[in-house]
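Open the model in your viewer and keep the selection panel handy. We will go from one stop to the next, with a note on what to look for at each.

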Amino acid sequence: MEENTNVSTETGGGVKPKNWLVESILVTILCCLPFGIAGIVNASKVDSAWAQGNYDEANRAAEQAGKWTKIGFFLGLAGVVIYILIFVVMGVGGAMAGGF
Amino acid sequence: MELWPVGSKYFKYVLILVGVVFFLYVYKEFKPEEGSFFPSCPLKKYTGLDCAGCGSQRAIHYLLNGELLSAWQMNPLFLIALPYIALGLTYKRIFKDPKICLFLRDKIYGLKATYLSLIVIVIFWIGRNLV
């Protein structure tokens, strides 16, 4: 996850925090809808708070957005890994006999 | 160069590359609707309802086989979101002009875009279960 580095704004609050919108959408449509939605809602808070000059609030929302997106991401990843492990344990041979 | 360069900075990228190639191979070769080793959506499994992301695995499968129409039928939202997400993850590396980056960050991936995504996802989610 890269940070918001080279893009700075003219406003007084320093660099606008990453809003995690893209990552949240990715999590929403690829694995974990509730966490993705939580991420998107917080992404909207980042931008609205920043636009109003509530820089602390924006940073807090960015933290929340990142948290939910990461929870969704790792949950999805864990799910896939567990699935692969179950598949391997149950036997690739059995699956092949089944007509793959 | 070591035989198993765990500590090298390239090891991470090699690992990611191997993972991505494996992922693409599996999703290209096997149909998610037939292969039992593909994870299924808990919402769909227990309620029979589609979530906004249901069909994405099948869409990936058809996309990798060049069947755009089938991919679209599995999950149109996924196909629409794919280029948007791809640009969002890479634009800082593609465009060096700060004006373009600011425009993308504040207009294309800003507040209105966030509300729009939320609305589109929720409407799509509800709508696809009604049709």
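Two residues are in contact here if their C-beta atoms, placed from the backbone, lie within 7 Å. Keep in mind as you go that this is a predicted model.

Stop 1: Select B:Ala59. Leaving aside neighbours within four places in sequence, B:Ala59 is in contact with B:Ala71, B:Met74, B:Asn75, B:Phe78 and B:Leu79.

**Stop 2: chain A on its own.** Chain A shows 4 helices and 0 strands, so to speak an α-α-α-α run from the N terminus on. Of its 100 residues, 40% count as buried. Take the contacts in chain A between residues at least 6 apart in sequence: 53% of them join residues at least 24 apart.

**Stop 3: A:Trp20.** Zoom in on the segment before H1 of chain A, where A:Trp20 is found. Its phi is near 65°, a positive value in a residue other than glycine. Is A:Trp20 buried or exposed? Counting gives 27 other C-beta atoms within 10 Å, and the cut-off for buried is 20 or more, so A:Trp20 is buried.

**Stop 4: A:Glu63.** Move to helix H3 of chain A and pick A:Glu63. This residue has 13 other C-beta atoms within 10 Å, which makes A:Glu63 partly exposed.

**Stop 5: where the chains meet.** Bring chain B back. Here 23 residues of chain A are in contact with 26 residues of chain B. On the chain A side, the elements giving two or more residues are helix H1 (21–30), helix H2 (33–52) and helix H3 (55–90). Which of them gives the largest share? That is H2(A), with 8 residues. Colour this side of chain A by class and you will find 16 nonpolar, 6 polar and 1 charged residues.

**Stop 6: the nonpolar core.** Next, select the largest nonpolar core, which has 41 residues. Those with the most contacts inside it are A:Leu21, A:Ile25, A:Ile29, A:Val46, A:Ala65, B:Ala52 and B:Ala59, so B:Ala59 from the opening stop turns up again. At least two residues each come from H1, H2 and H3 of chain A, and likewise from helix H3 (56–64), helix H4 (68–74), helix H5 (76–94) and helix H7 (111–130) of chain B. H2(A) gives the most to this core, with 9 residues.

**Stop 7: H1(A) against H7(B).** Two packed helices are described by the angle between their axes and the distance between the axes. H1(A) and H7(B) pack at an angle of about 10°, with their axes 11 Å apart. An angle under 35 degrees counts as roughly parallel, and these two helices are therefore roughly parallel to each other. Show the side chains of A:Leu21, A:Ile25 and A:Thr28 from H1(A), then B:Ala113, B:Thr114, B:Ser117 and B:Ile121 from H7(B), as these make the contact. By class, the contact has 4 nonpolar, 3 polar and no charged residues.

**Stop 8: along H7(B).** Finally, follow H7(B) from end to end. At 1.5 Å a residue, its 20 residues should span 28 Å, and the end C-alpha atoms are 29 Å apart, which agrees. The buried residues of H7(B) are B:Leu111, B:Ala113, B:Thr114, B:Ser117, B:Ile121 and B:Trp125. They pack against H1 and H2 of chain A together with helix H6 (98–108) of chain B.

Conventions
Residues numbered from 1 in each chain as written. Chains lettered and ligands numbered in written order. Predicted model: local features only at pLDDT ≥ 70, side-chain atom pairs only at ≥ 80, totals over all residues. Nonpolar A, V, L, I, M, F, W, Y, C, P; charged D, E, K, R; others polar. Buried ≥ 20, exposed ≤ 12 C-beta atoms within 10 Å, placed from the backbone. Core = buried A, V, L, I, M, F, W, Y, C linked by C-beta atoms within 7 Å. Axes fitted to C-alpha atoms, helices over the stretch in contact; angles between N-to-C directions. Parallel < 35°, antiparallel > 145°, perpendicular 65-115°, else oblique. Expected span 1.5 Å × (residues − 1).
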